[in-house]
Amino acid sequence: MPPIVYARGAMPPRLRARLETDFETAFGVELSDPEGWLRAEGPCVTGLANASFAPLGAPEMDLMPNLRIIAGFGVGYDMIDVAAARARGIVVTHTPGVLDSDVANLGLLLLLAASRDLIRADAHVRSGQWATSGPLPLTRTIEGATVGIVGLGRIGRRLAEKLGAFGCEIRYHGRRAQTDVPWTFEPDLMALARDARALILCLPGGPGTDGLIGAKVLDALGPEGILVNIARGSVVDEPALVAALAEGRLGAAGLDVFATEPQVTEALRRLPNVVLSPHMASATVETRTAMADLVADNLADFFATGRARTPVPECRDMV
Ligand code: 8YV
């Protein structure tokens, strides 16, 4: 009997193809009644591939009493209740490592675009205003600026390395100082925001970081400051961000993630001093292919050997 996998959320084509070839797979988005299907067939499901941001908790897991592995498509797993999974003997995996460079690159792109006002500059040329009204006001360089990285995981480290090429002074904030990096740890987030030209958010989402960046931090970053978010929308108090940007208390922002994506509030969409992208930091052919393969390989290895390639830290002792 081949393992039965339930595919939750819209599968990217590469992952869909791997799931179809390697396993017997039910694709949730193609079922007329996914919940009805799970009620009837859930006991046959032993693996789940997740590409959805909808919360995955105990009630859904209980529809699949023989589920042994949840393989997530993404490094962030804040949508999965890992404690509930562990309590049911279910291993959770994610896709770390393979997306670091592209996610870091989008962080850099947003930082540069926000600091050089690239979107307005593009519109200035397209509209013909360059010829009629002349050049735009000067912008600010990030060369040599102090940049604060909030969350120095794999992605934060890649970003810090890349920012070295711009002569930036890197400081980082997180749960603890890391001994194997050359950058300065700043235990006080407010102090980091006060000293930095830009804060780049690279930390995990979830209850522990919910609303961490609020009005006080944004005010400390200040009218020349730039906030870049490539983490999760939940990390930022979005109404406070909109107010700070609208009132000029914060200089600019570059955002790839939002509180209620794919819905983005009109207040945010109307602001001229934000650069917006649709949660696309990992969305290159190369990275998404590597992510899809890692999801399928986690499932295949687990079913073949009982070991998974990239369990989330909380599940490392289970495989
Ligand atoms: C998404 C991400 O997984 O890795 C993460 O945590 O947020 C992204 O890479 C990707 O957009 C697929 O939904």
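A residue is described as buried if 20 or more other C-beta atoms lie within 10 Å of its own, as exposed if 12 or fewer do, and as partly exposed in between, with C-beta atoms placed from the backbone. The structure is a predicted model, in which local features need pLDDT of at least 70 and side-chain atom pairs count only at pLDDT 80 or more, while totals for chains, interfaces and linings use all residues. Residues are numbered from 1 along each chain as its sequence is written.

The protein is divided into domain 1 (4-97 + 285-318) and domain 2 (100-276), with bounds that come from an automatic or database domain assignment. The C-alpha centres of domain 1 and domain 2 lie 32 Å apart. Five residues from domain 1 and seven residues from domain 2 take part in the contact between them, where contact requires C-beta atoms, placed from the backbone, within 7 Å. On the side of domain 1 that touches domain 2, one residue is nonpolar, three are polar and one is charged. In this classification Ala, Val, Leu, Ile, Met, Phe, Trp, Tyr, Cys and Pro count as nonpolar, Asp, Glu, Lys and Arg as charged, and the others, Gly among them, as polar.

Residues 48-312 are 38% helix and 14% strand, with end C-alpha atoms 15 Å apart. For residues 109-281 the values are 35% helix and 16% strand, and the end C-alpha atoms lie 10 Å apart. Helices (H or I, at least four residues) and strands (E, at least two) are DSSP runs, numbered from the N terminus.

The largest nonpolar core has 93 residues, and those with the most contacts inside it are Ala49, Ile149, Ile200, Leu201, Cys202, Ala253 and Val295. Both domain 1 and domain 2 give residues to this core, so it lies between them. A nonpolar core is here a set of buried Ala, Val, Leu, Ile, Met, Phe, Trp, Tyr and Cys residues joined through C-beta atoms within 7 Å. In soluble globular proteins, nonpolar side chains tend to be buried together. Isoleucine 149 touches Gly156, Leu159, Ala160, Ile170, Tyr172, Ile200 and Cys202, when residues up to four places away in sequence are not counted. Helix α8 (residues 154-164) has as its buried residues Ile155, Gly156, Arg157, Arg158, Leu159, Ala160 and Leu163. These buried residues pack against α5 (100-115), β6 (146-150), β7 (169-173) and β9 (198-201).

Around the ligand are Ala51, Phe73, Gly74, Val75, Gly76, Leu99, His279 and Ser282, a residue being near a molecule if its C-beta atom, placed from the backbone, lies within 6 Å of it. This shell holds four nonpolar, four polar and no charged residues. Histidine 279 lies in the loop between β12 (274-276) and α13 and has a positive phi of about 45° although it is not a glycine. Histidine 279 counts as partly exposed because it has 17 C-beta neighbours inside 10 Å. Serine 277 is placed in the loop between β12 and α13 and touches Leu106, Leu110 and Asp256, leaving aside residues up to four places away in sequence.

Further backbone features occur in other loops. Aspartate 117, in the loop between α5 and α6 (118-126), has a positive phi near 55°. With 19 C-beta neighbours inside 10 Å, aspartate 117 is classed as partly exposed. The peptide bond from glutamate 261 to proline 262 is cis, with omega near 5°, and proline 262 is in the loop between β11 (252-255) and α12 (266-270). Most residues other than glycine have a negative phi, and most peptide bonds are trans.

Contacts across the sequence are illustrated by two residues. Glycine 233 and valine 257 are 24 residues apart in sequence, with C-alpha atoms 4.9 Å apart in space. Cysteine 315, in the segment after α13 (285-305), counts as buried because it has 20 C-beta neighbours inside 10 Å. Between cysteine 315 and valine 82 the C-alpha to C-alpha separation is 8.2 Å, although they are 233 residues apart in sequence.

Technical notes
Two residues are in contact if their C-beta atoms, placed from the backbone, lie within 7 Å.
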